[in-house]
Amino acid sequence: MITNTELKQQGNQFPNQIISFHQDVDKLYFTTENGVIMEMTIVRDSVFRFRYGTRHNLEADFSYAISEDRITGYNKLEISEDLEHYIVTTSKLVCKIEKISLQKKIYNTKGELVNEDELGFHYEETFEFGGNVVKMSKRAQEKEAYYGLGDKPMHSNLRGKRVQNWATDEYAFSKDRDPIYKSVPFYIGLHHSSAYGIFFDNTFRTFFDFTHERLNTTSFWAQGGEMNYYFIYGPEMKNVVTSYTDLTGKAELPPMWALGYHQCKWSYYPESNFREIAKKFREHQIPCDGLYLDIDYMDGFRCFTWDKEKFPQPKQMIKDLAEDGFKTVVIIDPGIKIDPEYSVYQEALEKDYFCKRADGPYMIGKVWPGECNFPDYTNPKVRSWWSGLFKELIGDLGVKGVWNDMNEPAVMEVPNKTFPNDVRHDYDGHPCSHRKAHNVYGTQMARATYEGVKKFAYPKRPFVITRSAYSGAQRYGSSWTGDNVASWEHLWIANVQVQRMCLSGMSFTGTDIGGFAEQPTGELYARWIQLGVFHPFCRTHSSGHHGDQEPWSFDEEVLNISRKFIELRYTLLPYLYTAYYKYSAQGEPILKSLVYFDQADPQTHFRTDEFIFGDSILVCPVLEPNSKGRRMYLPKGKWYNFWTNEVISGGKELWVDADIDSMPIFVKAGAIIPRFPVMQYVGEKSIDKLQLDLFYKDGIETSEIFEDAQDGYDYKKGRFSLRSLKLTGKSNDLIIQQHKSGTYITEYSHFKIKLHGIPFTIKSIEIDNVEIGFDDIEYDKKTQTLEVSKEFTEIHITG
């Protein structure tokens, strides 16, 4: 007898009536009549996790993104019900779950709607691969705006867009191109001056539709895996971003030199050329800390090898450069050349560490060395092995940083640019296909690299850069935005991308200054340097096929502009280092889009160009050629023009003059900005006085300065210095109060305070309640500077 056993394609399926509920401490389980399970976890009072299973089953709970150090716990949890709902209440939120459909509405404690399901969870069984296509649709609220999602090269407000996450090597990508290198499935919703976030922790190819298909609906879905997302309530955008960053892991403090200027090219070789680049930086007096070697330093592009003809004495070269302040950073790709005489290949083959196809053969793909196999970085044994390979580079030769490229993973000469779907991965004991592992492959490579660099750089801090990244990659280092283009459009894209990455928990990001592909004009390079020095990661990189791209490669004017702005970055390093400390300790982004800075102002919701660097410096790059200035939006409050000291009230658009050697920079009134002297590399000069630029405000403002040894781990033992400086300004009065924590003792003994905008003539100065005569203090009336001991508690200046 022959029976028709063809599987029935049922289309979208939806949960129906809830038939059971039970609670297991912080986890609530709701089961429907048709076998859908919703697991709701109360992570915090303001953070809920929702997981859905079908056919009465939840998948094994595992995530690469979620940090073991995340904050959990809540103050209140009450579960009640009425005829139509289960009601879950914490001290911040109320979630109402419909008994008939499992759909949810989330309110704040004022009863205001924050987020609601439209169709809610639904799914479609897929018989080609097994499992489900999992879907979630939400009702878009009036004037709701959407932000985040990593490196998308498009307008910062995603309303009206449909995007996807599938890490892709997209050389010379264009505006609105999607997907590209990173997969960060986290977005922020903002409506009625209230913000929330959704992190869809699913590593399959995911999609997000922000009212693109249906005007009043926002949806997200994945081609496999489970519907597993975190709802994060603000109401301030700052609360959302810091909670998400805590959830997926905070970044480690880098060595301060990593925040300096870096120079890279595909490729600097031979050794004499690499040394000449270093020499020219010092000759031209352009500060620089990092010099990079691209793939041509290797022997036939074999990772962990050196071309002995091009670089006959790498250890001596690295040592000589280090004596002049340069740290050498090298590239390492995932593709391992198939070569029986190549020890790295031999070892991985013997230990069975390469990725395999479904039926057993090794995954073979062409990249720079030719045919390669690829380590399975989702296997902890492979990661451990990989980390050990850095002993020679880091421990023996003195390389200071490693740059992971091509780790989407990228494969040449194939239509999909990556592994086939049937490649198998260990996935830390949860075996799966490449459909699930693709988006985390690069992050797990960066993780293995980070562990190796950290081990062999000890007691110094590691420095790792990755091109591909999934949520949580910030735990393993920095990133850049990939193979961009020397064009004005890409200058705009660079600005938007780095702001978006900062909102997405990955602040230590930059772009290839000047563009990787094609050749910038001197004007474009100058404008890009002006922007790039305000990005957390600051590196010029280019494809040498298009010409030279060092700051001296253009003309004297561009050289001088480059020097001026790179020097400005170096003077601001203590300010940037403090901003990084706040990012590391609290998850606060280093760059803040205007909507983050003032979400209550609707004028900020669609601004892309202006951003806040740290807490107090407003930057607006010039993004068009032949410009003598530009219009920009100044947020509410009072702002000092950085160049002229003019004080301007915000909350409006204005024209700002900015010829080729300038750009619009403003400082928030009340800020106290720490500054170093100009130096050619971090640590070149000892600091005998730390300059504090104080910008007067009629009101109260608090600034912080974080200091430590600039490298190493003593700061984790309390050997740091964190100063809180409270400024209180009145019409005839200025008070500065200092509170210090930590045991680190800075090398300088005095502050040199430069006063900006004091509205009165100074008649007396008290330090710690003792009036100091003008003959007894270093006070320059003309420059409005005074020198005081760093140990002061209170300075009182009166007119």
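Student: Where is T168 found in this predicted model?
Tutor: T168 is found in the loop between β12 (162–165) and β13 (182–183).

Student: Why does T168 count as buried?
Tutor: Its relative accessibility is 11%. Buried means under 20%. T168 is under that cut-off, so it counts as buried.

Student: Which residues is T168 in contact with, leaving aside neighbours within four places in sequence?
Tutor: P179, I180, Y181, E408 and K417. P179 is found in the loop between β12 and β13 too.

Student: What makes the peptide bond from D178 to P179 cis?
Tutor: Its omega is near 0°. The bond from G234 to P235 is also cis, with omega near 5°. P235 is found in the loop between β18 (227–233) and α1 (237–248).

Student: Why remark on such bonds?
Tutor: Because most peptide bonds are trans.

Student: What is the phi of A172, which is not a glycine?
Tutor: Positive, about 55°. A172 is found in the loop between β12 and β13. K143 is not a glycine either, and its phi is also positive, about 55°. K143 is found in the loop between β10 (132–139) and β11 (145–148).

Student: Why does K143 count as exposed?
Tutor: Its relative accessibility is 71%. Exposed means over 50%. K143 is over that cut-off, so it counts as exposed.

Student: Why does A172 count as partly exposed?
Tutor: Its value is 32%. That lies between the 20% and 50% cut-offs, so A172 is partly exposed.

Student: How do you know that L491 is buried?
Tutor: L491 has a relative accessible area of 0%. The limit is under 20%, so L491 is buried. It is found in helix α8 (residues 488–503). Not counting residues up to four places away in sequence, L491 touches L524, R527, W528, L531, V622 and L623.

Student: Why does T571 count as buried?
Tutor: T571 has 8% relative accessibility, under the 20% cut-off, so it counts as buried. Its place is in helix α10 (residues 556–571). Residues up to four places away in sequence aside, T571 touches P674, R675, F676, P677 and V678.

Student: How many residues does the largest nonpolar core have?
Tutor: It has 169 residues. Those with the most contacts inside it are I332, W386, F390, L393, F534, F613 and I753. L393 touches F304, W306, V330, I332, G398 and V399, not counting residues up to four places away in sequence.

Student: What makes the radius of gyration of the chain agree with a compact globule?
Tutor: With 799 residues, a compact globule would have a radius near 28 Å. The chain has 28 Å, so the value agrees. The C-alpha atoms fill a box of roughly 110 × 70 × 50 Å along the principal axes. Buried residues make up 63% of the chain.

Student: What does the secondary structure of the chain come to?
Tutor: 12 helices and 52 strands.

Student: How far apart are the mean positions of the positive and negative charges?
Tutor: They are 2 Å apart, for 93 positive and 111 negative charges.

Notes:
Residues are numbered from 1 along each chain as its sequence is written. This is a predicted model: local features need pLDDT of at least 70, side-chain atom pairs count only at pLDDT 80 or more; totals for chains, interfaces and linings use all residues. Side-chain values use heavy atoms; hydrogens and water are left out. A nonpolar core is a set of buried Ala, Val, Leu, Ile, Met, Phe, Trp, Tyr and Cys residues joined through side-chain atoms within 4.5 Å. Buried means under 20% relative accessible area, exposed over 50%, partly exposed in between (1.4 Å probe, protein chains only). Contact means heavy atoms within 4.5 Å. Helices (H or I, at least four residues) and strands (E, at least two) are DSSP runs, numbered from the N terminus. The radius of gyration is taken over C-alpha atoms; the globule rule is 2.2 Å times the number of residues to the power 0.38. Lys and Arg count as positive and Asp and Glu as negative; His and the chain ends are not counted. The place of a charge is taken as NZ of Lys, CZ of Arg, CG of Asp or CD of Glu.
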